[in-house]
Amino acid sequence: MLELKNIRKSFGDVQVLNGTNLRLREGFVYTLKGGNGSGKTTLINIISGFLKPDEGSVELKGKKIARFSPYRVNRMGIGRTFQDLRLATQMTVYENIMLALEKKKFAYPTKEQQKRADEILEMVSLSEKRNELAGEISYGQQKLLTIGCCIANNAELLLIDEPVAGIDKDNRVKIIELVKQLKEAGKTILQIEHHPDYIKETSDYVLQMEKGIVC
Ligand SMILES: Nc1ncnc2c1ncn2[C@@H]1O[C@H](COP(=O)(O)OP(=O)(O)OP(=O)(O)O)[C@@H](O)[C@H]1O
Ligand SMILES: [Mg+2]
């Protein structure tokens, strides 16, 4: 469903991506590993439209999307989480999910949207936290909430940057179950992660980022 060809990206003199190729097939879970600063997040930024490659193409189901805005890429079915979360911390958990659901500007949420938000909160084990501020739930719960926002987006391809880094075992198990559930539902996932158990439990393919290319 997604194909990257010969992606190059540098920041000043630093060449981060050096002719990266990648092909993702629908319905599989891919895990990207690699040392600090090896360019993993940069790759996700390029796929999601937050950065433009210096060279190379990104094709989603045969359509070239590398020059599209993040908003347009998102509307085409690619959702993402951020390594540094970027939730609306002064809004409630429920409101964060509502924000991510597609709706008309200034419109009140419909009954269906409210029902969908409830379902998603259930999926990410946050029903009981729905009225708490996103900034006040635990770090692990915040990670679950970012994935919930990605689900609310209705993305077919989810790009998840370090879902379990720095979180406790309970929430890690919840995220493992969630990723399995998303795969069951036919979603394609590209995730960055290092945790060995997590990788073993969730991944169909493990990819290694080295010297600016994916091996
Ligand atoms: N917007 C930017 N401007 C300048 N340099 C950047 C920018 N984004 C990333 N870099 C640099 O590019 C390199 C790769 O960064 P990237 O965040 O992609 O690495 P990473 O593999 O995700 O690392 P980590 O495991 O630490 O998250 C780093 O040297 C980083 O400092
Ligand atoms: Mg990173």
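In this predicted model, the side chains of D118 and R130 meet in a salt bridge, with 2.7 Å between N and O. Because D118 belongs to helix α4 and R130 to the loop between α4 and α5, the pair ties together parts that are 12 residues apart in sequence. Both partners are partly exposed, D118 having a relative accessible area of 34% and R130 one of 25%.

Helix α4 also holds K115 and E119, which are 4 residues apart and thus separated by about one helical turn; these two form a salt bridge in which the closest N and O atoms are 3.8 Å apart. Here K115 counts as exposed at 55% relative accessibility, whereas E119, at 35%, is partly exposed.

Across the whole structure, 13 salt bridges are found. One of them joins the side chains of K5 and E59, at 3.8 Å from N to O. Since K5 lies in strand β1 (residues 2-11) and E59 in strand β4 (residues 55-60), this pair ties together parts that are 54 residues apart in sequence. K5 is partly exposed at 36% relative accessibility, while E59, at 15%, is buried.

Leaving aside residues up to four places away in sequence, L145 touches L87, V93, N96, I97, L126, A134 and I137.

Terms used: Residues numbered from 1 in each chain as written. Chains lettered and ligands numbered in written order. Predicted model: local features only at pLDDT ≥ 70, side-chain atom pairs only at ≥ 80, totals over all residues. Heavy atoms only, no water. Contact = heavy atoms within 4.5 Å. Salt bridge = Lys/Arg side-chain N within 4 Å of Asp/Glu carboxyl O. Helix = DSSP H or I, 4+ residues; strand = E, 2+ residues; numbered from the N terminus. Buried < 20%, exposed > 50% of the residue type's maximum accessible area, 1.4 Å probe, protein only.
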